[in-house]
Amino acid sequence: MTIPLLTCALATEHDVVLARQRVRQVAALVGFDAQDQTRIATAVSEVARNAVQYGGGGQLEVGVERPALPGAPQHLLTVIRDRGPGIPHLDAVLGGGYRSPTGMGLGLVGARRLSDRFAIAAPPGAGTTVTLAREFARGAPPADATTARRLADALAEQPPRGALEEARLQNQELLRALDALRERQAEVDRLNATLAETNRELEETNRGVVALYAELDERASYLARLNEVKTRFLSDLSHELRTPLNAIRNLVRLFLDGVVGDLTGVQRKTAALIGDSAEGLAQLVDDWLDLAKIEAGKTTVQLAECRVAELFGALRGMFRPMQAVQAGPAPVGAWNDRGVPLVFGPADEIPPFLCDEAKVSQILRNFVSNALKFTERGEVRVLADADDDWVRFHVQDTGIGIAPDDQEQIFEEFWQVESPRQRQVKGTGLGLPLSRRLARLLGGDVTLESVPGVGSTFTLAVPRRPAGEAAGAPAREGAHADV
Amino acid sequence: MERIPILKMGPFLLVTIQVDMHDRLAMVLQDDLTSMISRTGARGVLLDISALEIVDSFIGRMISNIAAMARVLDAETVVVGMQPAVAITLVELGLSLPGVRTALNVERGMALLRDAVRRADGAGTDAGADAIAAALAGEEDDGGGDAPRGPRGAPPA
């Protein structure tokens, strides 16, 4: 059994010095006399040097070997292992016939002579292990775990190196620490520089953004001013145009009624054409004026109880005369000369609701007139349905339809889809935008579903309880239930 | 880099090894000493190893080398102050330090050197060398006792 006392690494020649000094200390502490201390240390020095020089470094282990039999002497055991290629001519070395280029070829032989027991194992490629054992003096106290502890304490107290060596090592450590610090400082400086650069770039970007915002603000206020001017202009213009237009319409009517004398057939036709044109122009001016009013916020919503059936009836009445009279005085929707019927769906099921009837009617009129314009065969249907919150009106046609790309644009002012049919029919381009604005004014909206070549469905949805009337809604609901 | 100091004392060089030398330090000492001999023309080298507790084959060879090189450079080498344990170990190790003169302490070592120099210079006929030797002897007598690290050549136990 061996009690381990000390282990130390062997990497440099300083370690060789350290190893022999440590071993000497251990030898002294376990009770060897000065002569044996020197012997053991010298032997260790020889073998440790070999391990460092030829073995590429290794390890030294020192321990006390307890005797197998009581009474037999115990040994101080030193084992030195290295990781070298082994010793190729071990026999020659141990036989004393080998002369080393560095030492006197006495290392291993000498170590063997200085030890009571010597063993060497040097398998090629597996490193060399040398075991040295020195017998304790007769009567030396047997070593045990307590001895090991005492030794460890004593070794810790005795620095193996001289004060100079110690100072030198400390210096080196200080220099290394200083270097590391300097590197870290440089690293921090670099990081700081990068940060400063990033900051500067961010600041520039920020300034750019602020400038852009200022510009945007300016543009926005400019556009708002422009819009205001446009609205005022349109409103003024419409009023100015209405007076002469009304004069023209009335005068044409006087002509046609024969108040100014009988007309020949050609004269009558001409007067009718003038009337048609004046009506178209009046319609355009009315739409203009409505749009301008909405934009200026001057349009008011007048809520009243509406019934879908009444709405449908009014619409039917509005379009019937034009279907019947080819050269009627009101040309709006006068294109059902192609025999496209206008069909109204059932309306009795839908309970009355609160709405501005004039505006709903205006929107539906726009839809129907549009549908009739662009439908050559099939029919135009006007339907209505309702749920708890909304009343919806649908105007379905079997006309030319609207391409998906155009579906949003037709709600913009003065925008008309490019198509052969479009060129044949007249229109202001204001009907749909006006409808959408009116619908939104009522708290609802206008939507469109369309497949080119199959037909379009325009839908108007209006709330059953408009926002301003929320408080009165339940009472009204009750009233409806009675109806 | 650490070095072993080499002191010049008249025609001799005095080297006192006070640390446990690692191998490179020993090689450096060897180089320093030879260049010092050639620079100063020293006639003798006194190597004090009284502080060395371990002399293994490498340091032994270094001592041998120093002696051999110094001889080639016309200087005698005397090793003084070897501890008895070291001496015994050296012998057991099989190192006899051939060609290296030894003396028990610095005093005897100096005397040995002076004798050798005198013999080499023609059996004491050279007055100059005598004068130097005499001066050195005086110095030695004055300062020997107070030397901070006196010869430690105690007789073998």
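This is a predicted model: local features need pLDDT of at least 70, side-chain atom pairs count only at pLDDT 80 or more; totals for chains, interfaces and linings use all residues.
Glu53(B) is partly exposed, with 36% relative accessible area.

What does Glu53(B) pair with? Its partner is Arg24(A), and the closest N and O atoms of this salt bridge are 3.5 Å apart. Is Arg24(A) buried or exposed? Its relative accessibility is 16%, and the limit for buried is under 20%, so Arg24(A) counts as buried.

The general idea is simple: side chains of opposite charge can pair when their charged atoms come close.

Next, a pair inside chain A. Asp286(A) and Arg242(A) form a salt bridge with 2.4 Å between the closest N and O atoms. Asp286(A) belongs to helix α7, residues 265–295, and Arg242(A) to helix α6, residues 163–257, so the bridge ties together parts that are 44 residues apart in sequence. Asp286(A) is partly exposed at 27%, and Arg242(A) is partly exposed at 29%.

There is also a bridge between Arg307(A) and Glu305(A), at 3.8 Å from N to O. Arg307(A) is partly exposed, at 31% relative accessibility. Glu305(A) is partly exposed too, at 38%.

Some residues are linked in a network of salt bridges: Arg20(A), Glu46(A) and Arg49(A) from chain A, with Asp20(B), Asp23(B) and Asp56(B) from chain B.

How many salt bridges are there over all chains? The count comes to 31.

Definitions and conventions: Residues are numbered from 1 along each chain as its sequence is written. Chains are lettered from A and ligands numbered from 1 in the order in which they are written. Side-chain values use heavy atoms; hydrogens and water are left out. A salt bridge is a side-chain nitrogen of Lys or Arg within 4 Å of a carboxyl oxygen of Asp or Glu. Buried means under 20% relative accessible area, exposed over 50%, partly exposed in between (1.4 Å probe, protein chains only). Helices (H or I, at least four residues) and strands (E, at least two) are DSSP runs, numbered from the N terminus.
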